[in-house]
Amino acid sequence: MGERSVVPFGPQHPVLPEPIHLDLVLEDEKVIEAIPSIGFVHRGLEQLAEKRDFNNYQYVIERICGICSFKHGMAYCEALERIFDAEVPERATYLRSIWGEMSRMHSHLLWLGLLADAFGFDALFMQCWRMREKILDMFEASTGGRVIFSVNKIGGVLKDMDADMLKSFVGILDDMEKDLIRLTNTFLNDYTVESRLRGVGILSKDDAIRLGAVGPMARASGVNIDMRKLGYEAYSNAEFEIITSNECDGYARCAVRIGELFQSISIIKQLAEKITDGEIANSIKGMPNGEAFVRVEQPRGEAIYYAKANGTKFLERFRVRTPTFTNLEALIHILPGSEFADVPLQILTIDPCISCTER
């Protein structure tokens, strides 16, 4: 038994995109235990529901996280629409789903760039983010924003995409798909990437279920769960299979996210072809009274939204359970037994979003 020491890791670290702090108990270079500490960016956003009327609060919700902002706004509107028992126009559900998959691509490409940067592949990092810029350009053209979009409203959406815009987006995605094949070939077949990720950070299927892992973290361990299969918004009109892996390691988590990039392109193309004409929003009158529970698939996994209204313009309670919040338990499980040098990469493989976690 070697000498044990405790090394503080984070919240500022060259590899970490998020302010998470871990106290790592080491025996020589091997991690024996990881003790997390969060709370560095807590903003009290959930309590603001008591001080912002339910219409304005949707813009607060979008600011839980810049990367997942569209999905946060969409899920909030879904919760209030259930309380109002409001019908959303079919075209609006298609638009929400298209923007939702663009958000997934934006998030996964950002994450791939961060992973490349962690390996020291600066050119690969730049290429990932160059491709991500194309998605942000599409967002800017269709919503007017690149980070915060503010196109969701209770009862539908505020902006539309005409046929020419959708056709141009499909053309951009066709070109991106060719570039993605070359780009992701490096992540999947490069010796350095494989040597750092294969067989490291093992999370078995049973442990993933027991610890409540969600999203690519769970699907890379063989858990066949994706909230999009519930058919919310327009996902019931798209054909896709849940992407899983049984390898259960860091490499599998990378491969699943890469597979989801191509899957998102396919879903957007299908929805762009099937989208119906019509209105993009229905007006909602009155004050909300009741409660609702919504589950959606964010880029990082299942997110749960709970809203409780009491007939006034202020919500009585609003609660969000984000994917990273539940995946942190799995992270603490996979770190013991790994080498100290593997810790930054293993943290990255869960695609942490501490901004989402600290609400």
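Predicted model: local features only at pLDDT ≥ 70, side-chain atom pairs only at ≥ 80, totals over all residues.
**Entry 1: the sheet E1-E2-E3**

I began with an open sheet of three strands, ordered E1-E2-E3, with antiparallel pairing. Residues are numbered from 1 along each chain as its sequence is written, and side-chain values use heavy atoms, with hydrogens and water left out.

I checked my terms next. Helices (H or I, at least four residues) and strands (E, at least two) are DSSP runs, numbered from the N terminus. Two strands pair if DSSP finds at least two bridges between them. Strands of a sheet pair through backbone hydrogen bonds, either parallel or antiparallel.

Which strands stand at the edges? Angles here run from 0 to 180 degrees between N-to-C directions, and axes are lines fitted to C-alpha atoms, for helices over the stretch in contact.

I then followed strand E2 (residues 21–27). Seven bridges pair E2 with E3 in the antiparallel sense. I picked out valine 25, whose bridge partner in E3 is glutamate 33.

I moved to helix H3 (residues 90–119), which has 30 residues. From first C-alpha to last, H3 reaches 44 Å, close to the 44 Å expected at 1.5 Å a residue. The expected span is 1.5 Å times one less than the number of residues.

Why is H3 largely enclosed by the rest of the structure? Because 27 of its 30 residues are buried. Buried means under 20% relative accessible area, exposed over 50%, and partly exposed in between (1.4 Å probe, protein chains only). Glycine 120 follows H3 and has a positive phi, near 90 degrees.

I looked for a packing partner and took helix H2 (residues 69–84). H2 and H3 pack at an angle of about 145 degrees, with their axes 9 Å apart. Their crossing is left-handed. That word applies if the near helix is turned anticlockwise from the far one by less than a right angle; clockwise makes it right-handed.

Which residues meet there? Phe70, Lys71, Met74, Cys77, Glu78 and Glu81 in H2 meet Arg96, Trp99, Gly100, Ser103 and Arg104 in H3. Contact means heavy atoms within 4.5 Å. I sorted the residues of this contact into four nonpolar, two polar and five charged. Ala, Val, Leu, Ile, Met, Phe, Trp, Tyr, Cys and Pro count as nonpolar, Asp, Glu, Lys and Arg as charged, and the others, Gly among them, as polar.

Helix H9 (residues 250–274) has 25 residues and reaches 36 Å from its first C-alpha to its last, close to the 36 Å expected. H9 is mostly covered, with 18 of its 25 residues buried.

I searched the loop between helix H8 (215–219) and H9, and found valine 223 there. Is valine 223 buried or exposed? It is buried, with a relative accessible area of 7%. I left aside its neighbours within four places in sequence and found valine 223 in contact with Lys205, Ala208, Ile209, Ala218 and Thr244. The C-alpha atoms of valine 223 and cysteine 248 are separated by 9.9 Å, though these residues are 25 apart along the chain.

Glutamate 233 is also found in the loop between H8 and H9. It is not a glycine, yet its phi is positive, about 50 degrees. Glutamate 233 counts as buried at 16% relative accessibility.

**Entry 2: the sheet E6-E7-E8**

I came to another open sheet of three strands, in the order E6-E7-E8, paired antiparallel. Strand E6 (289–298) and strand E8 (315–321) stand at the edges with a single partner strand each, so one side of each is left without a neighbour in the sheet. Neighbouring strands are turned by 10 degrees against each other on average, direction ignored.

Six bridges join strand E7 (residues 301–310) to E8. Tyrosine 306 has arginine 319 in E8 as its bridge partner, and alanine 309 stands opposite leucine 315 in E8. The hairpin of E7 and E8 has four residues between the strands, and glycine 311 takes a positive phi near 90 degrees in it.

**Entry 3: aspartate 351**

Where is aspartate 351? I found it in the loop between helix H11 (343–349) and helix H12 (354–357). Aspartate 351 is buried, with a relative accessible area of 2%.
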